[in-house]
Amino acid sequence: MPPFQRRQQHGKKKAKELSAKFESELRIEKETRDSDTLPPSIQGFLDNSAFQLEDTPGQEEVYLTRKFGEESIRLSFTIADLNNIDQDADQYGEDPALSDEEAADAAATNVQSGGGNTKGAINQGRTKGGNFAVAPEDSVSRADRAESSYEEPGEREEGTQEPSFPARINVSVEKSGKGCLQLEVLAQDGEIVIENVYYFQNSELADAKTAELDWSRRNIYTGPPFGNLDEDLQVLLERYLDERGINTELALWIPEYIDWKEQREYINWLSNVKSFVDA
């Protein structure tokens, strides 16, 4: 048998082994969790919320939109935040989670000036801005996340918290002909933390889709760092978001939805790659 034919047969054998491994992974993932049906806790939020979900299969970005009077509100977040947590965990060596002492130290040094919120606060309680600061949990791997089950809000045992991770949300509040207010916030453990607030007279600059708009955006003064604002102003901005449904409930829902969507996209990826190998 010519050498090239032996190589072809060897390659086909390896392709079958690879396909079988993908099939095994698919079976495990599908048995672990139903990725086709929204869990009750996720669906319940959508059923009772003014936000409309925009989620395109195969895309990392997810959008929530709603009207609030004359305002058009658009939120965007991405499942990449969950994948980034898994990658960043490698920096800590064999144990990807911070120790209790390190977590406490990190919380103590990450206090956001004003608004009564902290990034990663370790004590549970209502902050000045009306949000809940809940003890952060260690980040969890895909296997650990898969073992967890979804529950209706209120069914979780008192004093227990679902593991969470920081999810970044871009908030745009637009008024026709009056510009756009854009806020960068962080959602984790039921807390909404404002990181930056920008204002654009030209709403197109808030979501610059061309190089020209992006260049114009860079030269515009959009506002000071949020932490430099007067504390009362920070609190009022937090309440401004809360009135528009960007609150504790949303901060709990978004990481849960990211986790569910990432699992669904992973299963689709396994299926697509297996089909390619088998073709």
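## Ser49 and its loop

The side chain of Ser49 comes to 3.0 Å from the backbone nitrogen of Phe51. This description rests on a predicted model. Ser49 belongs to the loop that joins α2 and β1 (52–55). Its relative accessibility is 17%, and because the limit for a buried residue is under 20%, Ser49 counts as buried.

## The largest nonpolar core

In soluble globular proteins, nonpolar side chains tend to be buried together. The largest nonpolar core of this model holds 34 residues, and the members that touch the most others are Leu75, Val171 and Trp253. At least two residues of this core come from each of α2 (40–47), β2 (61–68), β3 (71–78), β6 (167–175), β7 (179–188), β8 (191–200), α7 (231–243) and α8 (248–278). The greatest contribution is that of α8, with 7 residues.

Leaving aside residues up to four places away in sequence, Val171 touches Arg74, Leu75, Leu181, Gln182, Leu183, Val185, Leu241 and Ile246.

## A second core

A separate core of 6 residues is also present. Among its members are Cys180, Phe200, Leu205 and Leu213.

## Asp189 between β7 and β8

Asp189 is placed in the loop between β7 and β8. Its phi is near 55°, a positive value in a residue other than glycine. Most residues other than glycine have a negative phi.

Asp189 has a relative accessibility of 5% and therefore counts as buried.

Note on methods
Residues are numbered from 1 along each chain as its sequence is written. This is a predicted model: local features need pLDDT of at least 70, side-chain atom pairs count only at pLDDT 80 or more; totals for chains, interfaces and linings use all residues. Side-chain values use heavy atoms; hydrogens and water are left out. A nonpolar core is a set of buried Ala, Val, Leu, Ile, Met, Phe, Trp, Tyr and Cys residues joined through side-chain atoms within 4.5 Å. Buried means under 20% relative accessible area, exposed over 50%, partly exposed in between (1.4 Å probe, protein chains only). Helices (H or I, at least four residues) and strands (E, at least two) are DSSP runs, numbered from the N terminus. Contact means heavy atoms within 4.5 Å. A polar contact is a pair of N or O atoms within 3.5 Å; within protein, one must be able to donate a hydrogen and the other to accept it, and residues adjacent in sequence count only if both atoms are side-chain atoms.
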